[in-house]
Amino acid sequence: MSIWTQVDSVEPLPRHLKEAGYPIIQNYSPDEYNAFDQNWGFTQDSLGVIHIANGDGVLFYDGVYWSLVELPNKSAVFSLTTDSRGKIYVGAHQEMGYLQTDSVGRLEYVSLLPQLKKEYHDFNIIRWTFATEEGIYFKGDRVLFRWDGQEFKVWKNEENATIRSFLANDAIY
């Protein structure tokens with residue numbers, strides 16, 4: 001049994017109340033930000049700048065201007081996270097690292113691959129990046145890396161199955 005009702009005598013809301021509670025949403029096309037048409041993640045820095053994991057690199061938007069930081073291998077970026085100090089970490093295809101400002105204040109990408117043993121370089125895609133008190137976790141399909149600021153710890157799935165993980169209450173599960 002279903003019940004259906006219709007109310008015909010509802011007075012319209014005053015104009016200033018029609019938008020109350022609705023978020024302000026602005027859509028941007030790839031033509032506006034001038035980069036690849038797929039975005040996989042985002043984070044926001046302490047200044048309010050939005051950083052976006054994009055197929056061409058890391059897009060960032062300050063509310064007026066769009067800019068792009070490309071990775072050395074022109075890799076697609078799939079994940080971003082911001083640690084407690086405001087540093088932004090990047091997970092990409094065959095690449096992982098962080099963003100820093102150069103001597104003239106521009107953002108640049110710094111790869112962490114030189115800190116990783118070569119035997120672990122073939123990790124395919126870093127799809128998730130998590131910031132915790134223990135360090136930054138980079139999750140590939142079959143491997144999990146933790147960067148503590150000095151060195152990597154590596155957990156590899158020897159059974160060749162995909163690793164599933166998520167962050168909850170500052171812990172990786």
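This is a predicted model: local features need pLDDT of at least 70, side-chain atom pairs count only at pLDDT 80 or more; totals for chains, interfaces and linings use all residues.
Trainee: How many aromatic pairs does the structure hold?
Mentor: It holds 14. Rings of Phe, Tyr and Trp (its six-membered ring) pair if their centres lie within 6.5 Å; planes under 30 degrees apart are stacked, over 60 edge-to-face, and the rest tilted.

Trainee: Why is the pair of Tyr33 and Trp66 called tilted?
Mentor: Their ring centres are 5.3 Å apart and their planes stand at 50 degrees, so the pair is tilted. Tyr33 belongs to helix α2 (residues 30-33) and Trp66 to strand β4 (residues 66-69), so the pair ties together parts 33 residues apart in sequence. Helices (H or I, at least four residues) and strands (E, at least two) are DSSP runs, numbered from the N terminus.

Trainee: Is Tyr33 buried or exposed, and what about Trp66?
Mentor: Buried means under 20% relative accessible area, exposed over 50%, and partly exposed in between (1.4 Å probe, protein chains only). Tyr33, at 7%, counts as buried, whereas Trp66, at 22%, is partly exposed.

Trainee: What makes the pair of Tyr61 and Trp66 stacked?
Mentor: The ring centres of Tyr61 and Trp66 are 4.2 Å apart and the planes are at 20 degrees, so this pair is stacked. Tyr61 has 14% relative accessibility and therefore counts as buried.

Trainee: How do you know that the charged end of Lys87 sits over the ring of Tyr98?
Mentor: The term requires NZ of Lys or CZ of Arg within 6 Å of the ring centre and within 35 degrees of the ring normal. The charged end of Lys87 sits over the Tyr98 ring, 4.1 Å from its centre. Likewise, that of Arg127 sits over the ring of Phe78, 5.8 Å from its centre.

Trainee: What makes a set of residues a nonpolar core?
Mentor: Such a core consists of buried Ala, Val, Leu, Ile, Met, Phe, Trp, Tyr and Cys residues joined through side-chain atoms within 4.5 Å. The largest has 15 residues, and those with the most contacts inside it include Met96 and Phe123. Strand β11 gives the most to this core, with three residues.

How values were computed:
Residues are numbered from 1 along each chain as its sequence is written. Side-chain values use heavy atoms; hydrogens and water are left out.
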